[in-house]
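Colleague: I would like to learn how to read sheets, helix packing and chain contacts in a model. Could we go through them one at a time?

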Amino acid sequence: MTKTNQSVLEAKNIDKFFYNPIETQVLRNVSFRINRGEFVSVVGKSGCGKSTLLYILSTMDTDYKGELLIDEQITTGKASSYLSRLRNEKIGFVFQFHYLLNEFSVLENVLIPGLKLGKFSREELEHRAMEKLKIFDMQDHALKKANQLSGGQKQRVAIARALINDPLLIMGDEPTGNLDKKNADIVFNIFKELTTEFNQTILIVTHDPEFAAGTDRIIEMEDGRVISGQ
Amino acid sequence: MKWSLIIEIARALMFARVKQTLVAAIGVTFSITMFVALLGFMNGLNTLLDGLVLNRTPHIRFYNQIKPNPNQPIDLSPEFGSGINVIRSIKPSNSRLSIYNSEPILNTLNKDPRVKGVSAKIASQVFYNVGSIDLTGIVNGIDPEMETELFAFQDYVTVGNPADLLQNNSIILGKGAADRMLADIGDVIQVTTAKGNKAQLKVVGYYQSGLADFDNANSFASINTVQKMMGEPSSYLTDIQVKLFDFNQAPAFADEYRDIFAIEADDIQTVNAQFETGSSIRTLISYAVGITLLVVSGFGIYNILNMMIYEKLDTIAILKAIGFNSSDVKRIFITIAVSIGVFGGGIGLLFGYLACLGIEQIPFETEALPTVKTFPVDFSVKYYMIGGIFSLVTTYLAGFFPARKASSVDPVDIIRGK
């Protein structure tokens, strides 16, 4: 059904400069592609440009040279409203500091990207959101406010939120960086399960070697270059 | 666009900071309350003061002016036709104050569809004889019914009834004149006309306009009584007063009939220009104060929204990361601002109405205004509409700039900055 070599994300010769305080090149000629169903981690030392790369790949940072294709379509130079819609529909995010909306309940946090996409009715989305929360054993906390949860719980809700629109690709910036060993393992196992059972494509930036070792492919970076795994 | 979602998010953001939101809303409420109360009160007073003069003033007044004849014999002579002729010591040729052909004029005016009503009048210079002293005054011969209908005559008759004038030889005395003559209701006073005719008149009421000078001299009697008193026939009239349906047509109307009747015609705009100016300036001042209040509350909302945006940078960043675009974020913050405006403004309009009701209860009694017992308030819907619309406009503008700032937040900066 799904071709395993179908490209989900492709970076071609990406260069990135910071101009403040002086011109520094953070990414040099970065090229690689990720196929459907792959669980990829990007590793490297602090400051090697891996987070910068992730924000470019996520379409949030548009100030770069080179080309980026998502779902085999070019995104470089597109209007920001197009990119917003693309993020909403095709990319799920998990950040290091969980970034839930504290004004909303757990269920609403998961719902919001779905409501924004507007593909399903609210009732249907609530049902789907509860399903996602069940995967992470969070259904009992659905009506709590986001700031009443522990760090590990928040991160699980964040992953549930990333999944609500059945995205093409899940991106994570150190999703376990802020968690203890036990919670980190839970989160890793969730990712692993998503790739094996749902053929979910995942791209994670991490500097946890143990986490990286469990993924299908490791892209290693140094000084803004990809040195292995492309 | 999914407004329900935008509204839901805006609501959640507001409820997360209930106190701040309330402070902003109360600012709007206060200014709208003041705006409505101030304009209602100001315009109530304006209407009252204008009414003092304008209600009693005919839209057009026809009368005969005593003046030199503009066609002097020398101008008719071909011998002097080419130069400029200077004639000294010309005297007015026409000594008649009464209007020629008053009957046909009245008929013509009554048939004009623009005319609401016509009321004839005789102004007669008299002396009120009090013992050996003569006080100068004017007895106005009027048609009490028309005068009441067109010029609210009954409002100014503080004692007695205008209809009592229909009895022969009765008079309603100006309050000032009555006080000086020590004339009570039922007393008979004597007046002497300019030509020396004497008449005995029975006092049936007092008239008080609020303009002391006017009340000291003017009294009212029926047209018949005055004609008899002056020894003039029943066609004798000195003024014809016209009230139109649309008072703005007065100057054109006056111009038209001035030529047809060949008499003087004054319209209300020309005669009372200063009242127009006075009331428009008072209105302008109250609008200026009201709008200043709203602008100040607008800055309050601006500040609070700006603060909210700094507090909610994380929220904005995450909304953008999960697929909300700049215009969605802008809409969220404008929704917050406008709902503060709608909520605060709505309550403000209600409080403004209550404040107006309160002001209307405050006693306000003055010699000059016999018909007024409490402060006048104008409850015109216009001020509520202006207040409502203005509260929306200011809150929208106050929200616009912070919302634009919020929409330009770069999520990467916020997320990386942690």
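Modeller: Start with a sheet in chain A, where six strands in the order S6-S7-S8-S3-S9-S10 form an open sheet with mixed pairing. This is a predicted model, in which local features need pLDDT of at least 70 and side-chain atom pairs count only at pLDDT 80 or more, while totals for chains, interfaces and linings use all residues. Residues are numbered from 1 along each chain as its sequence is written, and chains are lettered from A and ligands numbered from 1 in the order in which they are written.

Colleague: What counts as a strand, and what counts as pairing?

Modeller: Strands of a sheet pair through backbone hydrogen bonds, either parallel or antiparallel. Strands (E, at least two residues) and helices (H or I, at least four) are DSSP runs numbered from the N terminus, and two strands pair if DSSP finds at least two bridges between them.

Colleague: Which strands are the edge strands of the six-stranded sheet?

Modeller: Strand S6 (91-94) and strand S10 (225-228) of chain A, each of which pairs on one side only. From one strand to the next, the twist averages 25°; angles run from 0 to 180 degrees between N-to-C directions, and axes are lines fitted to C-alpha atoms, for helices over the stretch in contact. Inside the sheet, S3 (residues 39-44) and S8 (residues 201-205) of chain A pair in the parallel sense over four bridges, with A:Phe39 opposite A:Ile202.

Colleague: What is the strand order of the open sheet of four strands?

Modeller: The order is S2-S1-S4-S5 in chain A, and the pairing is antiparallel. S2 (24-35) and S5 (73-74) of chain A are the edge strands. S1 (residues 7-18) of chain A pairs with S2(A) over eight bridges, and A:Ile14 stands opposite A:Val30 in S2(A).

Colleague: How are two packed helices described?

Modeller: By the angle between their axes and the distance between the axes. Helix H3 (residues 106-117) and helix H5 (residues 151-163) of chain A pack at about 30°, with axes 7 Å apart. H3(A) and H5(A) are therefore roughly parallel (under 35 degrees; over 145 is roughly antiparallel, 65 to 115 roughly perpendicular and the rest oblique).

Colleague: Which residues of H3(A) and H5(A) meet?

Modeller: A:Val106, A:Asn109, A:Val110 and A:Pro113 in H3(A) meet A:Val157, A:Ala160 and A:Arg161 in H5(A). Contact requires C-beta atoms, placed from the backbone, within 7 Å. By class, this contact has five nonpolar, one polar and one charged residues; Ala, Val, Leu, Ile, Met, Phe, Trp, Tyr, Cys and Pro count as nonpolar, Asp, Glu, Lys and Arg as charged, and the others, Gly among them, as polar.

Colleague: At what angle do H2 and H15 of chain B cross?

Modeller: Helix H2 (residues 18-54) and helix H15 (residues 381-407) of chain B cross at roughly 150°, and their axes come within 10 Å. That makes H2(B) roughly antiparallel to H15(B). Their contact has seven nonpolar, four polar and no charged residues. Among the residues that meet are B:Phe35 in H2(B) and B:Tyr384 in H15(B).

Colleague: How many residues does each chain give to the contact of chain A with chain B?

Modeller: Chain A gives 22 residues and chain B gives 19. On the side of chain A that touches chain B, the largest share, six residues, comes from H2(A). By class, that side has 11 nonpolar, six polar and five charged residues.

Terms used
Two residues are in contact if their C-beta atoms, placed from the backbone, lie within 7 Å.
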